[in-house]
Amino acid sequence: MHPSGALYWPSQFSLLVADLHFEKGSSYHKTGQFLPPYDTHQTLEKLETVIKYFKPRRIFFLGDTFHDMSAWKRMPDVNKSRLLNAVENLEAIWIEGNHDQGGVPDRFKSLEKIEVDGITLRHIMQRSFLGPEISAHFHPAGVIKFGGMRVRRPCFIKSDQKFVMPSFGVLTGGLDFSNEAFEEFHKCETQLFFLGRRKIFRSSERYLKNKKVGRG
Ligand SMILES: [Fe+2]
């Protein structure tokens, strides 16, 4: 797990990133909310950095890579080129999310899910699915209290069979781990891994107890 929110899978030489939500900023213009439209540029910068760092052979985009179906068309040419250049020498696998079904760059196809070495990768976790699964979609985050301060950070969630990725996009917000969407993780052995600036921090036992996580 990398503090950027990416996941590297050494035995597969693969990098996984989720919920980049490219062109989210520009999508707000339609509704009259004028947010600075630089999120795509910043997310691309993050992506280029982790690809350079891990030098993967494959990259899996775990869905909601684009904020909406016309995001790829709306993306400025310079950013389209940056994205295509970043994945040029890799096998790029685009899993579709609820925001971007089929809305991937012209020469690519998106998949609903894929199985890699016995692990299913998909955008939204399937609660009834019993096998090992890596998913995304919820943009998990949690609040840690430390020395009188409250720090809210995105996190990875890991239980026995399920692994949920944080969002990689810079303008994506987060859903608190205490939310009922994560109910099943409140009932089982769960570990949270928070994104620090330079490293990953594993949740303490006390944090999990306060969140009613664990066997008790
Ligand atoms: Fe999603």
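This is a predicted model: local features need pLDDT of at least 70, side-chain atom pairs count only at pLDDT 80 or more; totals for chains, interfaces and linings use all residues.
Visitor: Why are α2 and α4 called roughly parallel to each other?

Guide: The axes of helix α2 (residues 39–54) and helix α4 (residues 77–87) cross at roughly 15 degrees. Angles under 35 degrees count as roughly parallel, and α2 and α4 are therefore described in that way. Their axes come within 10 Å, and α2 passes α4 in a left-handed crossing.

Visitor: Which residues make the contact?

Guide: From α2 there are Thr40, His41, Leu44, Glu45, Leu47, Glu48 and Ile51, and from α4 there are Asn79, Arg82, Leu83 and Ala86. These residues divide into five nonpolar, three polar and three charged.

Visitor: What coordinates the iron ion?

Guide: The donors are Asp64 (OD), Asn98 (OD1), His123 (NE2) and His137 (ND1), at 2.0 to 2.3 Å. A donor must lie within 2.8 Å of the metal. In sequence, the donor residues follow the spacing D-x33-N-x24-H-x13-H. Asparagine 98 lies in the loop between β4 (91–95) and β5 (110–111), while histidine 137 lies in the loop between β8 (133–135) and β9 (140–146), 39 residues apart.

Visitor: What makes the arrangement around the iron ion irregular?

Guide: The four donor atoms subtend angles of 87 to 173 degrees. Four donors count as tetrahedral if all angles lie between 85 and 135 degrees. The arrangement is irregular because of the angles of its four donor atoms.

Technical notes:
Residues are numbered from 1 along each chain as its sequence is written. Side-chain values use heavy atoms; hydrogens and water are left out. Axes are lines fitted to C-alpha atoms, for helices over the stretch in contact, and angles run from 0 to 180 degrees between N-to-C directions. Helices (H or I, at least four residues) and strands (E, at least two) are DSSP runs, numbered from the N terminus. Angles under 35 degrees count as roughly parallel, over 145 as roughly antiparallel, 65 to 115 as roughly perpendicular and the rest as oblique. A crossing is left-handed if the near helix is turned anticlockwise from the far one by less than a right angle, and right-handed if clockwise. Contact means heavy atoms within 4.5 Å. Ala, Val, Leu, Ile, Met, Phe, Trp, Tyr, Cys and Pro count as nonpolar, Asp, Glu, Lys and Arg as charged, and the others, Gly among them, as polar. Donors are N, O and S atoms within 2.8 Å of the metal (3.2 Å for Na, K and Ca); water is not among the atoms, so sites may look incomplete. Four donors count as tetrahedral if all angles lie between 85 and 135 degrees; four count as square planar and six as octahedral if opposite donors are over 155 degrees apart and all others between 65 and 115; anything else is irregular.
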